[in-house]
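Reader: Can you take me through this one? I'd like to start with the contacts and then move on to other things.

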Amino acid sequence: MSRIVKHPVIALLDAGTTFKEVRQIHAKFVIDGTLNDDHFVGQFVKAVALSDQKYLDYAEQILDRSDKPTLFALNSMIRAHCKSPVPEKSFDFYRRILCSRNDFKPDNYTVNFLVQACTGIGMRETGLQVHGTTIRRGFDNDPHVQTGLISLYAELGCPDSCHKVFDSVSSPDFVCRTAMVTACARCGDVGFARKLFEEMPEKDPIAWNAMISGYAQVGESRKALDLFHLMQLEGVKVNAVSMISVLSACAQLGALDQGRWAHAYIERNKIKITVRLGTTLVDLYAKCGDMNKAMEVFWGLEEKNVYTWSSALNGFAMNGLGEKCLELFSRMKQDGVTPNAVTFVSVLRGCSVVGLVDEGQRHFDSMRNEFGIEPQLDHYGCLVDLYARAGHLKDALGIIQRMPMKPHAAVWSSLLHASRMYKNLELGVLASKKMLELETRNHGAYVLLSNIYADSDDWDNVSHVRQSMKSKGVKKEPGCSVMEVNGEVHEFFVGDKSHPRYTEIEAVWKDISMRLRLAGYKADTSPVMFDIDEEEKEDALCLHSEKAAIAFGIMSLKEDVPVRIVKNLRVCGDCHQVSMMISKIFDREIIVRDRNRFHHFKDGHCSCNGFW
DNA sequence: TTAGGGTTAG
């Protein structure tokens with residue numbers, strides 16, 4: 001192909017080229033006759049389409065002015081649309097290939113890009129059709145296409161098809177194997193992913209990153225961190241992508257010390273802080289309850305996008321700093337960053353945690369009116385929570401009844417929690433029944449319903465709910481608290497005595513209990529508490545997981561270091577009360593991240609002000 | 001002249 005010459009001007013087009021420049025170059029090419037050559041039309045279309053998604057339509061106009069678009073130009077348009085917000089448009093150009101007067105036939109590039117377009121759309125039917133096309137056209141043995149099909153089926157959640165394609169590859173290379181590692185992890189079989197990873201004859205940094213992120217994404221954070229340490233021992237080059245998975249694992253665990261270490265590692269090794277890595281750092285500190293550090297990182301970032309802003313907003317909301325969340329949201333809009341649906345979840349939660357009902361409603365309305373975002377189920381969930389927490393129970397119910405989609409259990413759960421808080425028996429019973437219609441085995445709904453009956457001294461119904469729970473075999477997810485001491489992560493399960501220092505923990509807890517009683521604390525062993533759960537009875541031998549963690553924290557951490565705990569469930573009322581008292585008696589800050597949010601206990605108070 | 005694997009917020 002001696003004719004193939006790269007046009008020097010086209011070769012200069014990149015993401016930094018402005019639209020004005022693109023038009024000027026186009027005009028010049030029309031005048032000087034460059035575009036009379038189909039070969040250069042193809043190059044120009046490809047360069048414009050790939051330089052920026054904003055120019056896709058303009059690239060199409062250039063293509064349309066060409067009498068005979070080449071297969072290369074059409075393939076380039078399919079390729080460019082794959083990762084655009086409208087991957088389905090790839091198929092318009094595929095149809096143009098099929099209907100072309102030039103009698104084009106789709107080639108290996110065409111089908112490869114179509115597979116990628118389907119991965120972007122995530123549509124099963126189209127994906128299956130494209131797979132059929134690759135077979136019909138004889139490209140199903142092409143290694144690029146095979147790898148693409150594995151990723152496609154992983155995206156569609158079809159592990160069996162991933163295996164079928166992978167098994168059909170006669171000698172999978174390391175790219176194909178890495179795609180399969182990711183596919184298995186995404187489909188939930190992280191064990192098989194690890195087996196494949198171990199069997200890889202050569203592992204490059206991408207393969208390592210794939211396995212580490214596989215663990216991080218399924219919540220196997222400790223395994224992610226262990227594998228990262230192995231990666232270092234093996235001397236594999238660590239990059240920004242590796243660190244994103246590592247930080248995300250630390251954030252999930254709430255492992256602040258390990259997260260700080262990873263941050264220092266990034267700086268020490270001069271790993272470039274990309275916008276994604278920066279966002280993950282902000283998220284790490286936010287999810288470890290250190291918003292000061294999160295914002296120090298945030299303001300220091302060279303580049304921020306809507307993900308970065310949303311991470312910070314979510315951090316403020318989770319940490320109960322609603323006003324700060326709203327201040328930052330104003331700043332975000334002033335800076336010209338357009339919020340999206342996820343951003344609004346954080347903003348609405350920010351309003352909810354501080355009871356700003358009118359402001360929350362205004363933001364909710366602005367979604368559609370100002371930003372053209374149609375509120376989804378989660379947004380209605382936040383709105384219900386906003387009204388319910390503030391005590392406007394009837395308004396909350398009205399929203400549930402009028403919302404344009406079927407409410408999910410979480411919506412009723414908000415109303416149920418608020419009904420208990422505001423002692424509204426009638427709504428509480430309704431909400432718990434609705435919740436149990438949707439999730440028949442939801443332990444929390446039974447517990448709250450029994451609490452609501454107990455609050456009104458309706459012991460017959462309390463007993464009825466208990467019976468019902470027993471007969472349905474509803475069991476509580478075991479409570480688990482995680483804390484980090486000297487960079488080591490310790491796990492505590494309810495009633496579990498397996499910790500190597502359990503005897504000491506028990507002794508420390510006895511001492512704490514004594515000091516609590518001297519300070520006027522009386523363990524709540526009333527029937528209400530009894531009915532919540534057998535395990536919640538005050539019992540030194542059967543500690544709630546966060547009490548064991550607090551005791552361990554007090555005995556192992558320096559006095560001025562806050563006790564940081566991450567819990568898998570919501571904090572129970574008794575533990576909340578106890579934590580507040582300990583923070584005063586021992587002059588110790590205790591920071592608990594529960595399933596929903598943070599509790600910063602200090603001087604006998606909690607940042608949640610009793611709302612959780 | 002075009003292609004396949006790893007990465008951020010709810």
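Author: What follows covers the DNA contacts and then some salt bridges, in a predicted model.

Reader: How many residues surround DNA strand B, and which are the closest?

Author: There are 50 residues around DNA strand B, and the closest are Asn-209, Gln-217, Asn-239, Tyr-307 and Arg-349. Of the DNA strand B atoms that come within 4 Å of the protein, sugar and phosphate account for 40%.

Reader: What is the split into nonpolar, polar and charged for the surface near DNA strand B?

Author: That surface has 22 polar, 18 nonpolar and 10 charged residues.

Reader: Which helix gives the largest share of the surface near DNA strand B?

Author: Helix 10, residues 174-186, with 7 residues.

Reader: What about the bases? Which side chains have an N or O atom 2.8 Å from a base nitrogen of DNA strand B?

Author: Thr-178 is one of them: a side-chain N or O atom sits 2.8 Å from a base nitrogen. Pro-143 makes its contact through a polar backbone atom, 3.4 Å from a base nitrogen.

Reader: Changing topic. How many salt bridges are there?

Author: The count comes to 19.

Reader: Take Asp-283. What is its salt-bridge partner?

Author: Lys-287, with N and O 2.9 Å apart. Both residues belong to helix 16 (residues 275-287), where a spacing of 4 residues puts about one helical turn between them.

Reader: Is Asp-283 buried or exposed?

Author: Asp-283 counts as buried, because its relative accessibility is 15% and the limit for buried is under 20%. Lys-287, at 24%, counts as partly exposed.

Reader: And what does Asp-92 pair with?

Author: Asp-92 forms a salt bridge with Arg-95, and the closest N and O atoms are 3.0 Å apart. The two are 3 residues apart in helix 5 (residues 90-98), about one helical turn. Asp-92 is partly exposed at 31% relative accessible area, and Arg-95 is partly exposed at 47%.

Reader: One more. Where do Lys-28 and Asp-32 lie?

Author: Both are in helix 1 (residues 19-32), 4 residues apart, which is about one turn of the helix.

Reader: How accessible are Lys-28 and Asp-32?

Author: Lys-28 has a relative accessible area of 44% and is partly exposed. Asp-32 is also partly exposed, at 41%.

How values were computed
Residues numbered from 1 in each chain as written. Chains lettered and ligands numbered in written order. Predicted model: local features only at pLDDT ≥ 70, side-chain atom pairs only at ≥ 80, totals over all residues. Heavy atoms only, no water. Near = heavy atom within 4 Å. Polar contact = N/O pair within 3.5 Å; in protein donor to acceptor, adjacent residues only side chain to side chain. Nonpolar A, V, L, I, M, F, W, Y, C, P; charged D, E, K, R; others polar. Salt bridge = Lys/Arg side-chain N within 4 Å of Asp/Glu carboxyl O. Buried < 20%, exposed > 50% of the residue type's maximum accessible area, 1.4 Å probe, protein only.
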